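Me: I have a structure open and want to go through it with you. Can we start with the sheet?

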Amino acid sequence: MNNLNSLKGDQEFVYKTWAKQKDESLLHIEKAYGCYFEDSEGKKYLDFAAQLSSVNAGHDHPKITASIINQTLNLNGVNPSFSHKNKNLLGEKISKILPGDLNKTFFTLAGTDAIENSLKIARMYTGKKKVISRYRSYHGSSFGAMAVSGDPRRHFFSPDDSWVIRVPDPYPYRSPIYSDRSKEEGDEVLLQMMEDIILLEDPQQIG
């Protein structure tokens, strides 16, 4: 497929997330290296976002690329119900930096998946349904993760969020809580508000 058809394909054959679909044009990326990527016209960009915060070690890192190739040649994927040495070794490494007596890791595919499973684990462990979240927050695009997000894009999908308690953010830049107050004074007011909200929502129902 030539470059022109690739750009056209973005309009006709690919559904874009969190974006208007009709006549929406995305930046077409051709290649990436180190902390840069290039578009279809050869223009170079500094990738401050590491794409979706997923290539923090840089694009085309030789050690990471070699590891991916070697693993693919040996085994492409493992069913979660099976064991594998690399998963076990990673779990062991993570256990050494976890606080307290935490020593197990539940591996997921992405951030949204991690949030969904965290919500389920919290409900199963505590037996409580309600969750506290911040208004200025984003936790993912699946229904559960979207429901606990404060991101206004959730309104379009209207997920059931009757079990979500939202609280204001520590946001001195624009929050009226901090008007005519120092940051420390605003933080104190915010903490008092959060305590009131928790008491009104019944702590016995908050997981």
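Reply: Fine. Keep in mind that this is a predicted model. Three bridges join strand S2 (residues 36-39) to S3, and the two run antiparallel.

Me: Which residue stands opposite Tyr45 in S3?
Reply: Phe37 stands opposite Tyr45.

Me: What is the strand order in the open sheet?
Reply: The order is S1-S2-S3, three strands with antiparallel pairing. The edge strands are S1 (29-33) and S3 (44-46), each of which pairs on one side only.

Me: And by how much are neighbouring strands turned against each other?
Reply: By 25° on average, direction ignored.

Me: Next, His59. Where is it found?
Reply: His59 is in the loop between helix H2 (50-53) and helix H3 (62-74).

Me: Buried or exposed?
Reply: His59 counts as buried because its relative accessible area is 13%, and the limit for buried is under 20%.

Me: What does His59 touch?
Reply: Leaving out residues up to four places away in sequence, His59 touches Ala32, Tyr33, Gly34, Tyr36, Asp47 and Gln51.

Me: Switching to salt bridges. How many does the structure hold?
Reply: Seven. One of them joins the side chains of Lys183 and Asp187, at 2.9 Å from N to O.

Me: How far apart are Lys183 and Asp187 along helix H8?
Reply: They are four residues apart in H8 (residues 183-201), so about one helical turn separates them. Lys183 is partly exposed, at 48% relative accessibility.

Me: What about Asp151, which residue does its side chain meet in a salt bridge?
Reply: Arg153, at 2.8 Å from N to O. Asp151 is buried at 14%, and Arg153 is partly exposed at 35%.

Me: Where is Ser149 placed?
Reply: Ser149 lies in the loop between helix H6 (143-148) and helix H7 (154-157). Ser149 is buried, with a relative accessible area of 2%. Not counting residues up to four places away in sequence, its contacts are Ser137, Tyr138, His139, Gly140, Arg154 and Arg166.

Me: Last topic, the surface. Which residues form the nonpolar patch?
Reply: Trp18, Tyr138, Phe143, Phe156 and Phe157, with about 590 Å² of accessible area together. Trp18 sits in the loop between helix H1 (3-12) and S1, and is partly exposed at 30% relative accessibility.

How values were computed: Residues numbered from 1 in each chain as written. Predicted model: local features only at pLDDT ≥ 70, side-chain atom pairs only at ≥ 80, totals over all residues. Heavy atoms only, no water. Pairing = 2+ DSSP bridges. Axes fitted to C-alpha atoms, helices over the stretch in contact; angles between N-to-C directions. Buried < 20%, exposed > 50% of the residue type's maximum accessible area, 1.4 Å probe, protein only. Contact = heavy atoms within 4.5 Å. Patch = residues over 30% accessible without salt bridge, like charges linked within 9 Å, V, L, I, M, F, W, Y side chains within 5 Å. Areas by Shrake-Rupley, 256 points an atom, 1.4 Å probe, with all protein chains shown as cover. Salt bridge = Lys/Arg side-chain N within 4 Å of Asp/Glu carboxyl O.
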